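Please look over the sequence and the model below before reading on. The paragraphs after it are meant to be read with both in view.

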Amino acid sequence: APAYAADIDIAKQSTINKILKSGELRVGFDASYAPFEITDKNGRYIGFDIDLAKELAKAMGVKFVPVNTDFDGIIPSLLSDKFDVIISGMTLTQQRNLQIGFSDAYFLMGQGVMVSNKLQGKIARYKELNDPKYVIVSRLGTTGEEAVKKYLPKATYKSFEKEVDCGMEVISGRADAFVFDIPALENIASVQGKGKVFVLNDPFTFEPMAIGYKQGDPDFANFLNNFIFQFKNDGRYQRLYDKWFRS
Ligand code: ARG
């Protein structure tokens with residue numbers, strides 16, 4: 001056997017090979033997060049991440065297979081091979097990165113606050129919400145929840161399973177504020193929350209969104225990073241940004 005046979009065997013174990021062999025890229029996401037991944041009226045998955053996932057499948061010459069799953073259990077689902085990658089508006093955190101690999105960032109954002117209009121004139125900075133008299137909501141298992149616990153530890157905190165439920169709590173006036181990813185807050189505020197809420201959109205955390213994959217796969221990591229570099233710089237990122245954030 002040639003001296004490099006061992007290397008070839010390692011390459012064969014890469015997720016790349018499984019994807020090429022099956023002809024399918026299985027992408028895990030939680031379709032509850034506009035404008036990155038949602039279900040439209042016809043039951044189709046749409047959003048920035050869905051378009052990104054389709055670009056990735058196209059780059060590999062395979063079919064895009066969507067797998068809608070709960071965000072709270074999305075890492076265990078990747079690890080038990082329910083899908084090949086996570087593309088779900090997932091923030092690359094150091095803690096998550098100990099369990100899964102992450103590509104380079106494809107989107108940068110941070111936490112902000114959607115505040116009930118009844119606090120208009122009273123709250124101008126997120127820190128002012130750090131008081132037990134304020135009820136803050138966020139979504140279970142997200143960096144929004146982590147941010148409340150870390151930066152607003154004195155506030156009264158309530159968690160919900162879905163982003164829309166968090167949004168409705170503030171829109172209806174049951175809660176004072178929703179701490180979450182700014183692009184998602186701006187979407188909720190301008191769609192369901194028009195005239196009822198305002199958004200403090202000066203990010204108080206730094207959060208790169210990245211594609212998650214199973215560790216121990218340098219070939220796939222290399223492919224994903226180079227794909228993102230290409231996607232961000234050849235006009236596709238800008239086109240998708242304009243499509244989902246400027247309309
Ligand atoms: N960026 C946040 C996090 O990583 C929230 C992502 C929520 N994504 C979703 N598809 N529901 O924790």
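What follows goes through sheets, helices and a few loop residues in turn.

This is a predicted model, in which local features need pLDDT of at least 70 and side-chain atom pairs count only at pLDDT 80 or more, while totals for chains, interfaces and linings use all residues. Residues are numbered from 1 along each chain as its sequence is written. Helices (H or I, at least four residues) and strands (E, at least two) are DSSP runs, numbered from the N terminus.

Begin with the open sheet. Its five strands are arranged in the order β9-β8-β10-β7-β11, with mixed pairing; two strands pair if DSSP finds at least two bridges between them. The edges are taken by β9 (156-160) and β11 (197-200), each with a single partner strand, so one side of each has no neighbour in the sheet. From one strand to the next the twist averages 25 degrees. Strand β8 (residues 135-139) and β9 run parallel and are joined by five bridges. Within that pair, Ser138 has Ser159 in β9 as its bridge partner.

Helix α6 (residues 143-151) lies across β7 (111-116), β8, β9 and β10 (177-181), and runs at about 145 degrees to β8. Axes here are lines fitted to C-alpha atoms, for helices over the stretch in contact, and angles run from 0 to 180 degrees between N-to-C directions. The buried residues of α6 are Thr143, Gly144, Glu145, Ala147 and Val148. A residue is buried if 20 or more other C-beta atoms lie within 10 Å of its own, exposed if 12 or fewer, and partly exposed in between, with C-beta atoms placed from the backbone. The cover over these residues of α6 includes β7, β8, β9, β10 and β12 (207-213).

Helix α8 (residues 182-191) comes next. Seven of its ten residues are buried, so α8 is largely enclosed by the rest of the structure. Those residues are Ile182, Pro183, Ala184, Leu185, Asn187, Ile188 and Ala189. They pack against β6 (101-109), β7, α7 (163-171), β10, β11 and α10. In the loop between α8 and β11 sits Lys194. Is Lys194 buried or exposed? Lys194 is exposed, because 10 other C-beta atoms lie within 10 Å.

The axes of α3 (residues 48-60) and α10 (residues 236-245) come within 10 Å and cross at roughly 150 degrees. That makes the two helices roughly antiparallel; angles under 35 degrees count as roughly parallel, over 145 as roughly antiparallel, 65 to 115 as roughly perpendicular and the rest as oblique. On the α3 side, Phe48, Asp51, Leu52 and Glu55 meet Arg236, Leu240 and Trp244 of α10. Two residues are in contact if their C-beta atoms, placed from the backbone, lie within 7 Å. The residues of this contact divide into four nonpolar, no polar and three charged. Ala, Val, Leu, Ile, Met, Phe, Trp, Tyr, Cys and Pro count as nonpolar, Asp, Glu, Lys and Arg as charged, and the others, Gly among them, as polar.

Now turn to strand β1 (residues 24-29), which is mostly covered, with five of its six residues buried. Six bridges connect β1 to β4 (residues 63-68), and the two run parallel. Glu24 stands opposite Lys63 in β4. Strand β1 also runs parallel to β5 (residues 85-86), joined by two bridges, and Gly28 stands opposite Ile86 there.

Two backbone details remain. Most residues other than glycine have a negative phi, and most peptide bonds are trans. The peptide bond from Ala34 to Pro35 is cis, with omega near 0 degrees, and Pro35 lies in the loop between β1 and β2 (38-39). Asp81, in the loop between α4 (74-79) and β5, has a positive phi, near 65 degrees, although it is not a glycine. Asp81 is exposed, with 11 other C-beta atoms within 10 Å.
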